[in-house]
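Me: I would like to go through this model with you before I set anything up. Could we start with how the helices pack?

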Amino acid sequence: MHAVRIFPGCSGSFTARSVLIREYRQRTKSSFPAGQLVRQFRQNATPKDAAAVVVGAGPAGIAVVGNLLEQIKDDGKIVWVDEQFRGGRINKFYREVPGNTAVKLFVDYAEALKPFQHILNTAHKPNAITALEKLPQSGTCSLSYAGDMLNLLTAGLRQHPRIQTVEGKANSAHLDPQSKRWTLTTTSESSLTTSPLVVYCTGAFPSTTPLPPSSPPTIPLDTALTPSILSTTIPRDQAFTIGVIGGSHSAILVLMNLYKLTTTSHPLLKIKWFTRHPTLRYAVQKDGYIQYDNTGLKGKAAEFGRTQLDGDVLLNSDAGKFITRIDCSGGKEKEWSLLEKELKDCQGVVQAVGYTPAPIPEVRIGDGKEVVKLGKDARTGAFYAEDGEKKPIGLFGAGIAFPEEVDTPEGEREYAVGMWKFMKFLKRVVPEWVKGSRA
């Protein structure tokens, strides 16, 4: 299947047209004259014009689409690109993960925008929102509840007359400096569009780091965070030792899942926990704010950490009968030496060391000869070309791949990750994005 450039019938500057024709010729390996190539390209899809293009349909992408519908007052179309439209990684991998957000904030997210409110008011009951409303609002819940809510909102947005969905993946983007409009390449053959405003909500995937050559096979973090799959990955009737690397929220959840297996179906399972910090950090409610809101443990992870893992607690806890902590503080050389020594006795290893932003499509500006390196303003969500002035180019990012940078009352800088945090950020910045795209 050939990638198709979202493309306004070859409108725009002569340079931009030349770039698109050249790339189309290369993809199709065609020797036809340029004029015939353009006619051939136009036959593949009907050119459309959009006020904005959003790439990604996870929590941030859904929130961006809702905010754009609210802020673009005319009948401007919004093109929404995603491969599945199923709520992102939450529904694909993390439905069994216990949330670290109060239920009320999921409800607040769903009610934050008029387009969302319309979806909720017209949805049949009971539904994902009524299910959330029945839960204790100050408590936490499984991410399956949030995933169902995202599916409900996605289905409603896809029925909106101003939303055009494209099932595919964005591959590249090209900005015509004269018209200040973007064209994109996607894997869909049915959509050609141009827009002055593009937003990437492309998500992130679990990070990995190099391990000693003698290390055992890796168990993916997504598997380790899904108890129903994890339990079938590890043998039940033989001794099995798993190494867990990391000390933040995901690592604690993995340790909790593994400990539960030791007390139920996998009594021969042992765990080696590699961490640089023998004590844990927790989110702490202060007067008017939460200390370590974006870096501290919350919910069930915090409860398990306090009662089973933290500091000397592990020495006498029930989990301590199955979990051995390996202190990796003291520098990279010591850490590598310990990994090399201790992982030899393991049959599997889980790396819970954070998340890496998914690659975004290549960006070209002007003649399109070279891929442009992008910088990012984490306060506004705006991208800019690193080799030029830090001026707006109509390209933005949001979500876990491009979170807002915030200052804490203690003077530290953190990245605000969470569905409600994405929504608050977007309600602040999207009006400026829209205003800038119409200047």
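Me: Which helices do the buried residues of α5 pack against?
Reply: In this predicted model, the buried residues of α5 pack against α3 (59-71), α6, α7, α8 and α15 (419-437).

Me: And which residues of α5 are the buried ones?
Reply: They are Val103, Phe106, Val107, Asp108, Tyr109 and Ala110.

Me: What follows α6, going towards α7?
Reply: A loop that contains Pro126 lies between α6 and α7 (128-133). The peptide bond between Lys125 and Pro126 is cis, with omega about 0°.

Me: Now the core. Which residues touch the most other members of the largest one?
Reply: Leu68, Tyr109 and Met149 do, in a nonpolar core of 90 residues. Tyr109 is also one of the buried residues of α5.

Me: What is Leu68 in contact with, leaving aside its neighbours within four places in sequence?
Reply: The list is Ala52, Val54, Ile78, Arg162, Leu197, Val430 and Val434. There is also a second, separate core of 22 residues, which includes Val79, Leu175, Ile393 and Leu395. In soluble globular proteins, nonpolar side chains tend to be buried together.

Me: What does its side chain make a polar contact with?
Reply: The side chain of Lys272 makes a polar contact with the side chain of Glu342, at 2.8 Å. Apart from residues up to four places away in sequence, Lys272 touches Thr241, Ile242, Gly243, Val244, Thr324, Ile326, Glu342, Asp345 and Cys346.

Me: And Lys298, buried or exposed?
Reply: Lys298 is buried as well, with a relative accessible area of 18%. Its position is the loop between β14 (290-291) and α12 (299-309). Once neighbours within four places in sequence are set aside, its contacts are Asn100, His249, Ala283, Asp293 and Lys421.

Me: Where is Lys180 found?
Reply: Lys180 is in the loop between β6 (170-176) and β7 (181-186). At 57% relative accessibility, Lys180 counts as exposed. Most residues other than glycine have a negative phi, and most peptide bonds are trans.

Me: How many disulfides does the structure hold?
Reply: The structure holds 0 disulfides. As for individual cysteines, Cys141 is buried at 8% relative accessible area, and Cys201 is buried at 7%.

Me: One more loop. Where is Thr408 found?
Reply: Thr408 sits in the loop between β22 (404-407) and β23 (413-416), and it counts as buried at 13% relative accessibility. Thr408 and Tyr289 are 119 residues apart in sequence, with their C-alpha atoms 9.0 Å apart in space.

Me: Finally, the overall picture: how many helices and strands are there in the protein chain?
Reply: The protein chain has 15 helices and 23 strands. Of its 439 residues, 53% count as buried. Among contacts between residues at least 6 apart in sequence, 72% join residues at least 24 apart.

Technical notes:
Residues numbered from 1 in each chain as written. Predicted model: local features only at pLDDT ≥ 70, side-chain atom pairs only at ≥ 80, totals over all residues. Heavy atoms only, no water. Core = buried A, V, L, I, M, F, W, Y, C linked by side-chain atoms within 4.5 Å. Buried < 20%, exposed > 50% of the residue type's maximum accessible area, 1.4 Å probe, protein only. Contact = heavy atoms within 4.5 Å. Polar contact = N/O pair within 3.5 Å; in protein donor to acceptor, adjacent residues only side chain to side chain. Disulfide = S-S within 2.5 Å. Helix = DSSP H or I, 4+ residues; strand = E, 2+ residues; numbered from the N terminus.
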